[in-house]
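Subject: A structure for you to look at

Hello,

Please open it and keep it in view as you read.

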Amino acid sequence: MRRRHAINRAVEVSCWTAALLAVAVLAIVLVSIALKGAGEINLDFLTQNTSSFGVGGIGNALVGTGILIGLAALMAIPVGILIAIYTSEFAGRRSGFVIRYVLDILNGVPTIITGIFVFALLVVGHQQSGWAGAVGLAIVMLPLVARSCHEVLALVPGHVKEAGLALGASRWRTTLSVTVPTALSGMITGALLAVARAVGETAPLLLVTSIYPDLLVTDPSQPLPNVTVTIFRYSETPDPVKHAQAWGAAFILILFVLALSIVARSLSARMRRRLGAAR
Amino acid sequence: MDYEPSDVTVVDRKDEITSRIPRPAEAPAPASPPQQSSETPASGLERMHATRHIRLEDLHAYYGSNHAVKGVNLSFEPGKVTAIIGPSGCGKSTMVRCVNRMHEEIPGARSQGRVLLDDVDLRGPGVDVVAVRRFVGMVFQKANPFPTMSIFDNVAAGLRFTGTPRDEITDRVNAALEAAGLWDEVEGRLSEPGMSLSGGQQQRLCIARALAVEPAVLLMDEPCSALDPVATLKIEELIGQLKQRVTIAVVTHNMQQAGRVADTTAFMLSGELVEVGPTEKMFTNPDDERTEQYVTGKFG
Ligand SMILES: Nc1ncnc2c1ncn2[C@@H]1O[C@H](COP(=O)(O)OP(=O)(O)OP(=O)(O)O)[C@@H](O)[C@H]1O
Ligand SMILES: [Mg+2]
């Protein structure tokens, strides 16, 4: 009896410690980035173009990252949602399983390999471009979008879908009018988390959209300046001003990711509440 | 062009059944038409009169190799409520789900035999399931309003699925809510979510949703088993009122309920129909010994 008590206690304490450790790591990362980066943030930093020497900023990199993420989202989100609708609503047990398994493998592919693949496919024989970078990010996003949307579509209770069918709606109509609206906030959550993940990716961009001028570029057929490659580049220079700016850019990036995940979580909480009532 | 409009054959698959049997709304009016409420305008529902027969002939249903319904012959008569009773797992739900062809939505499930709506085999070749489900509405054990839709939109959903003209929808939603005995409770809050209603109200919302498309037949699979006694009583009263308008079959576990609502009772056991007859006779003087044992609570 006393022994079981002791084991209980030990397990409890180690779990707590592990959880605290995770929180501590996050806190240390956030605090040190904030300490080193927050001071860099001012209007010039956000609007000036990148530069190799002197002060400059990350304005053009922010715009380029916005374009890259936007294009990647336009490619990955619709395709990912269609895959999710297929695997959760239409696929047979076996084909659904195979597709989800393939998505899991794709999700596990190291992103530098995705980068090399896109490099070989779209850059060799052509030139670096924003399109190639967007394709790389889309490949990172696709399995995340498809898997998370699959999970939330599968959460919609079968008896709700049955109600649509029994009213004379076809399977497609039921999916579009009943199942997708019920799961919508969860699906948006999945898409936002995928964006948050892709916005911080460097490896898929390093080979395909990294040699860019220190100018505002908005044409995706040219290499686009972007935040993550800029952080990499600034932190490689010997110039302490640039180091500080790398921290500044990192701070912006992490604020954006944090904000996205908070919005995403609150949306998914809303969906769970709604489904909780439908269960 | 020298053809008469009436010579045009209806090719739209959704209207296949419609073209072969007149719509229930066009059926002769009841001898004493139900009084019209001043708030809810007249609609087909109020003119509806239960006239349709469902006849199951040698119906078999399977889940893979599990033979769940074994050659049932049974009719649901218009103007009467048919209760289906029997122990858990005897195939009651499976049988009624064959009528609106929901059974075939389950992977690996199939069925055999005939399900006649008057003289049209609902399982026949070329009959569209969408049309079948417009004629045969269903209410489930668990109230299942659409979670994202308002009270109004829930009831309107079936009308929208079937392409009812916009300007008819409001009247028909109101009439369906009235028919489901919900109008007084939801008047003025139709835009609130359907999920904001109580369990019993949600179930009546589901009944309204099924009635809105003016079905000829209404299947109810244990519609009260998740409800408290007061809500149950309301739905039982409702069944009594609706049976003049639509042919009703109710699956129930509750023998008192069958006694209260049903004119005819059918008793099933392990996938077979043991006996069917007037409810009174089934409960007092059944022909089959197994029915007697079941209704007196000796098993099940
Ligand atoms: N989705 C399904 N897949 C496989 N087998 C099923 C499925 N649904 C029901 N069955 C089987 O079919 C048989 C009849 O089940 P059914 O649900 O029709 O019984 P029931 O009379 O409605 O029971 P209850 O009163 O518990 O609702 C049972 O043996 C059951 O195990
Ligand atoms: Mg059942």
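Let's start in chain B, where helix 3 (residues 92–99) lies across strand 1, strand 2 and strand 4 (109–117). Relative to strand 1 of chain B, this helix runs at about 120°. Please bear in mind that this is a predicted model.

The strands under discussion belong to an open sheet of four strands in chain B, with the order 2-1-4-5 and antiparallel pairing. At its edges are strand 2 (66–76) and strand 5 (120–121) of chain B, each of which pairs on one side only. Strand 1 (residues 54–63) of chain B runs antiparallel to strand 2 of chain B, and eight bridges join the two. If you want one pair to look for, Ile54(B) has Phe76(B) in strand 2 as its bridge partner.

Chain B also has an open sheet of six strands, with mixed pairing and the order 6-7-8-3-9-10. Here the edge strands are strand 6 and strand 10 (272–278) of chain B, each pairing on one side only. From one strand to the next, the twist averages 20°. Six bridges link strand 9 (residues 264–269) of chain B with strand 10 of chain B in the antiparallel sense, and the bridge partner of Ala266(B) in strand 10 is Val276(B). Helix 8 of chain B lies across strand 6 and strand 7 (217–221), and runs at about 170° to strand 6 of chain B.

The largest cavity holds about 70 Å³ of space. Its lining draws on both chains: among the residues are Ala163(A), Ala166(A) and Leu167(A), along with Met138(B), Phe140(B) and Cys206(B). Helix 7 of chain A, together with strand 6 (136–139) and helix 8 (199–212) of chain B, are the elements that give two or more residues to this lining. Helix 8 of chain B gives the most, with three residues. By class, the lining of the largest cavity has eight nonpolar residues, one polar and two charged.

The second largest cavity has a volume of about 60 Å³. Its lining includes Leu106(A), Thr111(A), Ile139(A), Pro143(A) and Arg197(A). Helix 4, helix 5 (111–123) and helix 6 (130–155) of chain A each supply at least two residues, and helix 6 of chain A has the largest share, with three. In this lining, five residues are nonpolar, three are polar and one is charged.

Now for the open spaces. The largest pocket contains about 560 Å³ of space. Of the 26 residues lining it, Ser88(A), Glu89(A), Arg171(A), Glu105(B) and Pro107(B) lie nearest its centre. The elements giving two or more residues to that lining are helix 3 (59–90), helix 4 (93–108), helix 7 (158–166) and helix 8 (171–199) of chain A. The lining of the largest pocket divides into 10 nonpolar, eight polar and eight charged residues.

Is Thr65(A) buried or exposed? Its relative accessible area is 10%, so Thr65(A) is buried, the cut-off being under 20%. Leaving aside residues up to four places away in sequence, Thr65(A) touches Val199(A), Pro225(A), Asn226(A) and Val227(A).

Happy exploring, and best wishes

Key
Residues are numbered from 1 along each chain as its sequence is written. Chains are lettered from A and ligands numbered from 1 in the order in which they are written. This is a predicted model: local features need pLDDT of at least 70, side-chain atom pairs count only at pLDDT 80 or more; totals for chains, interfaces and linings use all residues. Side-chain values use heavy atoms; hydrogens and water are left out. On a 1 Å grid over the protein atoms alone, a cavity is a set of points where a 1.4 Å probe fits but cannot get out, and a pocket is an open set with protein on both sides within 12 Å along at least five of seven lines; lining residues have an atom within 4 Å of a point. Grid points are joined across faces, edges and corners, and a volume is the space filled by probe spheres set on the points. Ala, Val, Leu, Ile, Met, Phe, Trp, Tyr, Cys and Pro count as nonpolar, Asp, Glu, Lys and Arg as charged, and the others, Gly among them, as polar. Two strands pair if DSSP finds at least two bridges between them. Contact means heavy atoms within 4.5 Å. Axes are lines fitted to C-alpha atoms, for helices over the stretch in contact, and angles run from 0 to 180 degrees between N-to-C directions. Buried means under 20% relative accessible area, exposed over 50%, partly exposed in between (1.4 Å probe, protein chains only).
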